[in-house]
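Subject: Handover of a structural model

Dear colleague,

Please find below the structure that I am handing over to you. My notes on it follow directly after.

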Amino acid sequence: MITILDYGAGNLSSVKNALDYLGMDNSTTDNPKKILSAERIILPGVGSFGFLMDQLRKKNLEKPLKKAIEKGTPFFGICLGLQALFEESEESPGVPGLSIFKGNVQQFRKGKVPQIGWNKIIPEKEGIIQEGFAYFVNSFVAVPKDPTIIAATSDYYGRYVCAVQWKNITATQFHPEKSGDYGLCTLKRWLQ
Amino acid sequence: MITKRIIPCLDVKEGRVVKGTGFINLKDAGDPVLLAKMYNDQGADELVFLDITASAEKRKTMVGVVRAVAKEVFIPLTVGGGVETVDDIRVLLQAGADKVSLNTAAVLNPDIISKAAEQFGRQCVVVAIDAKRKGSLWEVIVRGGRERTGKDAIAWAKEAASLGAGELLVTSMDQDGTKAGYDLELTKTIAASVNIPIIASGGAGTLVSIKDVFLEGNADAALIASLLHYGTFTTNDVKTYLKKERISVRL
């Protein structure tokens, strides 16, 4: 059973639709207890960094989420769900992130913002994230201090980190639920 | 590098896709789910559904269409046509649309752009601009090409972007349906005026015209309708050609 964390940003249907299509049991919750006992957790990302962190705190989800991740529950963060793993973001100065990884989140310095469209995924290590094209909608990217967590990079007027993987944590800047077959296969690999 | 996008546009009337009847090998060429799947399999980067249903009452069927497509096709879906309020947008997003395009409603009430961007994020908000040449400028036309506004299209593009549009869908009313190529000057001028992606529309006729809109028009995406619907080319044909012409595409 996969638990989709609903922090109140609204539309979670595309993640749910993708899991349903793949035949993966899933449920959506904002109940802290269910997060703590979840078998697998997906944190989808819609909204702003500040909004996400505020909601996690208001709904008492931050601590159970961190605890679940620390005890080894397989975790998949999507877009903002990746960014939230870091310490802070230029999008919402002064709002602390989950701080599971060291580093911050920065706005693209060049090109049109947001980046919208399909970009090439260049794997930086063996694992769930493989070569292909994935769909991105983002103005901000994570800049990890520890390069060993980087699972894949992509290029938008310069290389940036588009996926991280470390122990039980997988997170992508792209949207696997909107990346056609590539995205569905990525989710499948995470489950296996 | 980010790739250039090819986006098939499907006209939907009362829940059925109209046009696109060129697919004789499809059992039901009017079924939005079947067509969406077919375009997905051909490598379409996104899909746009344009609701051309006349009455607001029947327009509700579009929500069902979006819901059904979103359950089986996992590429971004944009819905436009007759979207008038923030509530309309919410309902479509909840049904599974990733973006909603605003046209007449945004011109009449530009506030809706900022309200929608604030509530759902600017990436959900596509502002569609129908532009018609008027001397050396372009005028914004609304109500499906029927009503002139006196508004300058370039100025409106800038305003829409500053209000929170995430992308602009720019249609040349002069070129639309002619297959004589996109209005490159229009696309290029708008692309130079804003810092958000531009989807060019109206006039795709040959593979060269699609190459031109990227290389000369500086578009980020090309919307294609009849060329794909009547089977002249598949999405895959278009992308294979563009790749040969050294344009970065997902293939």
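What percentage of the contacts in chain A with a separation of 6 or more is accounted for by residues 24 or more positions apart? The figure is 65%. Please bear in mind throughout that this is a predicted model.

Chain A as a whole

Chain A contains six helices and 12 strands. Along the principal axes, its C-alpha trace spans about 45 × 40 × 30 Å. A compact globule with 192 residues would have a radius of gyration near 16 Å, and the 15 Å of chain A agrees with that. Of the 192 residues in chain A, 50% are buried.

Helix α1 of chain A covers residues 13–21, and its buried residues are A:S13, A:S14, A:V15, A:K16, A:A18 and A:L19. Just after this helix, A:G23 adopts a positive phi of about 70°.

Strand β3 of chain A (residues 40–43) runs parallel to strand β1 (residues 2–5) of that chain, and three bridges join the two. Within this pairing, A:I4 has A:I42 as its bridge partner. Strand β3(A) is also joined by three bridges to strand β4 (residues 75–78) of chain A, again in parallel. Here A:I41 has its bridge partner in A:F75.

A:I78 counts as buried because it has 25 C-beta neighbours inside 10 Å, the threshold being 20 or more. Apart from neighbours within four places in sequence, A:I78 is in contact with A:V15, A:I42, A:L43, A:P44, A:G45, A:T172, A:H175 and A:P176. The C-alpha atoms of A:I78 and A:L43 are 6.2 Å apart, although 35 residues separate the two in sequence.

A three-stranded sheet in chain A

Chain A also has an open sheet of three strands in the order β5-β6-β9, with mixed pairing. Strands β5 (88–89) and β9 (140–144) stand at its edges with a single partner strand each, so one side of each is left without a neighbour in the sheet. Strand β5(A) runs parallel to strand β6 (residues 103–107) of chain A, and two bridges join them. In this pair, A:S89 stands opposite A:V105 of β6(A).

The contact between the chains

The contact takes 26 residues from chain A and 25 residues from chain B. On the side of chain B that touches chain A, nine residues are nonpolar, eight are polar and eight are charged.

The largest nonpolar core

In soluble globular proteins, nonpolar side chains tend to be buried together. The largest nonpolar core in this model has 145 residues, and those with the most contacts inside it are B:I7, B:V100, B:V127, B:L168 and B:A222. Strand β6 of chain B (residues 125–134) supplies the largest share of this core, with six residues.

Which residues are in contact with B:V100, leaving aside its neighbours within four places in sequence? They are B:V79, B:G80, B:V83, B:I89, B:L92, B:L93, B:C124, B:V125 and B:V126.

With kind regards

Note on methods:
Residues numbered from 1 in each chain as written. Chains lettered and ligands numbered in written order. Predicted model: local features only at pLDDT ≥ 70, side-chain atom pairs only at ≥ 80, totals over all residues. Core = buried A, V, L, I, M, F, W, Y, C linked by C-beta atoms within 7 Å. Buried ≥ 20, exposed ≤ 12 C-beta atoms within 10 Å, placed from the backbone. Helix = DSSP H or I, 4+ residues; strand = E, 2+ residues; numbered from the N terminus. Contact = placed C-beta atoms within 7 Å. Nonpolar A, V, L, I, M, F, W, Y, C, P; charged D, E, K, R; others polar. Pairing = 2+ DSSP bridges. Rg over C-alpha atoms; globule rule 2.2 N^0.38 Å.
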